[in-house]
Amino acid sequence: MRRLLDALYFGAGVVAAAFVAMIALLMIGQSILREFGVRTGAVPDVVAWCCAAAGFFAMAHAFKHGDFVRVTLLLEKASPPVRRTLELISLLIGAASVSYLMWAALSFTYESWAFNDIATGLLPMPLWIPQLGFAIGSVLLWIAVVDELVIVLRGGRPTFVVAVEQRHAQGDFSSDI
């Protein structure tokens with residue numbers, strides 16, 4: 001199960017990177033095509049949808065690798081039992097918050113599908129299609145947060161803490177800037 005979940009988070013990171021690459025290609029392509037007088041009016045809409053998809057697909061991967069912003073001033077000073085309790089409380093709050101986000105994203109996307117909402121920009125696309133990135137990304141983040149909660153409940157150390165400690169042991173403090 002662990003390998004499957006890790007592959008899921010890695011895959012989400014790959015999909016997010018693909019959306020970022022698509023953003024770059026679309027923007028470069030738009031710049032080149034404009035020089036030849038080709039109309040590219042719908043490109044900003046597609047780029048915006050790709051930005052949202054990249055952000056939401058990247059969240060689970062970033063969370064598991066310790067790349068979310070965490071205020072650890074209190075945690076660093078706490079004893080191990082208190083730190084574990086604070087981590088559990090934080091993960092419970094996070095799981096509840098992400099559960100609401102996931103529910104809202106899924107409901108929002110479903111309603112767009114059910115009512116056949118169409119984008120109002122230059123590209124008349126059913127809105128549920130670009131909203132899928134939001135919905136799937138929020139589900140992946142929920143899985144990652146619940147995964148961490150289970151790890152800590154079983155007595156393990158949070159994966160994101162271990163990842164940051166490993167980077168620090170290698171002299172990489174770039175994520176702390």
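**Figure 1. The second largest pocket of the predicted model.** Let us start with an open space in this predicted model: the second largest pocket has a volume of about 350 Å³. Its lining is made up of 17 residues. Those lying nearest the centre of the pocket are F63, V69, R70, S90 and F160. Which helix gives the most to the lining of this pocket? That is α4, with six residues. At least two lining residues come from each of α3 (73-77), α4 (80-114) and α5. Sorted by class, the lining of the second largest pocket holds twelve nonpolar, three polar and two charged residues.

**Figure 2. The whole protein chain, as a guide to the close-ups.** Taken along the principal axes, the C-alpha atoms fill a box of roughly 65 × 40 × 30 Å. The chain has 177 residues, and 30% of them count as buried. Take the contacts between residues at least 6 apart in sequence: 72% of these join residues at least 24 apart.

**Figure 3. Helices α1 and α5 where they meet.** Two packed helices are described by the angle between their axes and the distance between the axes. For helix α1 (residues 2-35) and α5, the axes come within 11 Å and cross at roughly 140°. Is the crossing of α1 and α5 left-handed or right-handed? The crossing is left-handed. On the α1 side you will find R2, L5, L8, Y9 and A12, which meet L140, I143, A144, D147 and I151 in α5. By class, this contact of α1 with α5 has eight nonpolar residues, two charged residues and no polar ones.

Figure 4. Q131 is found in helix α5, which covers residues 128-153. Is Q131 buried or exposed? Its relative accessible area is 9%, so Q131 is buried, as this value is under the 20% cut-off. Which residues is Q131 in contact with, leaving aside its neighbours within four places in sequence? They are F108, T109 and S112.

Figure 5. A54 is found in helix α2. Along the sequence, A54 and F19 are 35 residues apart, yet their C-alpha atoms are 5.3 Å apart in space. Once neighbours within four places in sequence are set aside, A54 is in contact with A16, F19 and V20. Why does A54 count as buried? Because its relative accessibility is 8%, which is under 20%.

Figure 6. T40 lies in the loop between α1 and α2 (43-64). With 13% relative accessibility, T40 counts as buried. Not counting residues up to four places away in sequence, T40 touches Q30, L33 and R34. N116, in turn, is found in the loop between α4 and α5. What is the phi of N116? It is positive, at about 55°, although N116 is not a glycine.

Notes. Residues numbered from 1 in each chain as written. Predicted model: local features only at pLDDT ≥ 70, side-chain atom pairs only at ≥ 80, totals over all residues. Heavy atoms only, no water. Helix = DSSP H or I, 4+ residues; strand = E, 2+ residues; numbered from the N terminus. Buried < 20%, exposed > 50% of the residue type's maximum accessible area, 1.4 Å probe, protein only. Contact = heavy atoms within 4.5 Å. Axes fitted to C-alpha atoms, helices over the stretch in contact; angles between N-to-C directions. Left-handed = near helix turned anticlockwise from the far one by under 90°. Nonpolar A, V, L, I, M, F, W, Y, C, P; charged D, E, K, R; others polar. 1 Å grid on protein atoms, 1.4 Å probe; cavity = no way out; pocket = protein on both sides within 12 Å on 5 of 7 lines; lining within 4 Å. Points joined across faces, edges and corners; volume = space filled by probe spheres on them.
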